[in-house]
Amino acid sequence: MRSSSPVLRVDPERPRDVADGERPITDVAVGILVDPAGRFLMTSRPPGKPYARYWEFPGGKVEPGESVEAALARELREELGISVEACTVWREEVVDYPHALVRLHFCRVQRWTGSLQMLEGQQASWETLPVQLAPILPGSLPVLRWLAEAPVESISK
Ligand SMILES: Nc1nc2c([nH]c(=O)n2[C@H]2C[C@H](O)[C@@H](COP(=O)(O)OP(=O)(O)OP(=O)(O)O)O2)c(=O)[nH]1
């Protein structure tokens, strides 16, 4: 089963072939952290990864047998040194990249403890709309639209 989530095609010109139907889908847990001032956290992709230095929301791939919530807690511990205490899935989206087909599970992180540390050589920035950072990862752009539609305070509850 693919998913009922909307599919964002990053390269609509890419030739399709029969193998496309067999492409594995990678689940990714992504966190939206909102600070007391109503700003949300964006991080840059570390060197060496696809789309290095593009801005995104922190997170990473779900491992086999892991829940989205557990994957997010693990990724944020590994990348930022924080402990997630409460999170819930907010929106889901499938992105068809040339390098991978991913299903993004965007989660509201309601509570965490610890101070941010950049453990993977990334950068972090607390943002408000309109975001001035560039470039932004294509699969993260819809989140900015959703945040414009729903006040950030409403997703942090
Ligand atoms: N973390 C994150 N990934 C995103 C976002 N938007 C988006 O399209 N993606 C895509 C990019 C990648 O194809 C995939 C995440 O894979 P990744 O390589 O960052 O995951 P990871 O940290 O587990 O990486 P690794 O262990 O394989 O090195 O999801 C986003 O906002 N945050």
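Predicted model: local features only at pLDDT ≥ 70, side-chain atom pairs only at ≥ 80, totals over all residues.
**Entry 1: prolines and cis bonds**

I started at Pro 135, which lies in the loop between strand 8 and helix 2. For elements I used DSSP runs numbered from the N terminus, with helices as H or I of at least four residues and strands as E of at least two. Residues are numbered from 1 along each chain as its sequence is written.

I checked omega at Pro 135. A cis peptide bond joins Ala 134 to Pro 135, with omega about -10°. I then looked at Pro 130. That residue sits in the loop between strand 8 (124-127) and helix 2 (141-149). The bond from Leu 129 to Pro 130 is cis too, with omega about -5°. I noted both since most peptide bonds are trans.

**Entry 2: positive phi**

Most residues other than glycine have a negative phi. Tyr 51 has phi near 60°, a positive value in a residue that is not glycine. I found Tyr 51 in the loop between strand 3 (40-44) and strand 4 (55-56). Arg 53 also has a positive phi, about 75°, and is not a glycine. Arg 53 is placed in the loop between strand 3 and strand 4.

Are these two residues buried or exposed? I counted other C-beta atoms within 10 Å, with C-beta placed from the backbone: 20 or more is buried, 12 or fewer is exposed, and in between is partly exposed. Tyr 51 is partly exposed because 18 other C-beta atoms lie within 10 Å. Arg 53 has 12 such atoms within 10 Å, so Arg 53 is exposed.

**Entry 3: helix 1**

Helix 1 covers residues 68-80, 13 residues in total, and reaches 17 Å from its first C-alpha to its last. That is close to the 18 Å expected at 1.5 Å a residue; the expected span is 1.5 Å times one less than the number of residues. Just after helix 1, Gly 81 has a positive phi of about 70°.

I listed the buried residues of helix 1: Val 68, Ala 71, Leu 72, Ala 73, Glu 75, Leu 76, Glu 79 and Leu 80. What covers them includes strand 2, strand 5, strand 6 (83-96) and strand 7.

**Entry 4: His 105**

I picked His 105, in strand 7. His 105 is buried, because 23 other C-beta atoms lie within 10 Å. Which residues is His 105 in contact with, leaving aside neighbours within four places in sequence? I found Asp 27, Val 28, Ala 29, Val 30, Val 68, Val 89 and Glu 92. Contact here is C-beta to C-beta within 7 Å, with C-beta placed from the backbone. I also checked His 105 against Leu 72: their C-alpha atoms are 9.5 Å apart, and the two residues are 33 apart along the chain.

**Entry 5: strand pairing**

I turned to the sheets. Strands pair through backbone hydrogen bonds, either parallel or antiparallel. I counted two strands as paired when DSSP finds at least two bridges between them.

Strand 2 and strand 7 pair in the parallel sense over nine bridges. Strand 2 is joined to strand 5 by three bridges, antiparallel. Ala 29 stands opposite Gly 60 in strand 5.

I then found an open sheet of three strands in the order 4-3-8, with antiparallel pairing. Strand 4 and strand 8 each have a single partner strand, so one side of each is left without a neighbour in the sheet. Strand 3 and strand 4 are antiparallel and joined by two bridges. The partner of Ser 44 is Trp 55 in strand 4.

Notes
Contact = placed C-beta atoms within 7 Å.
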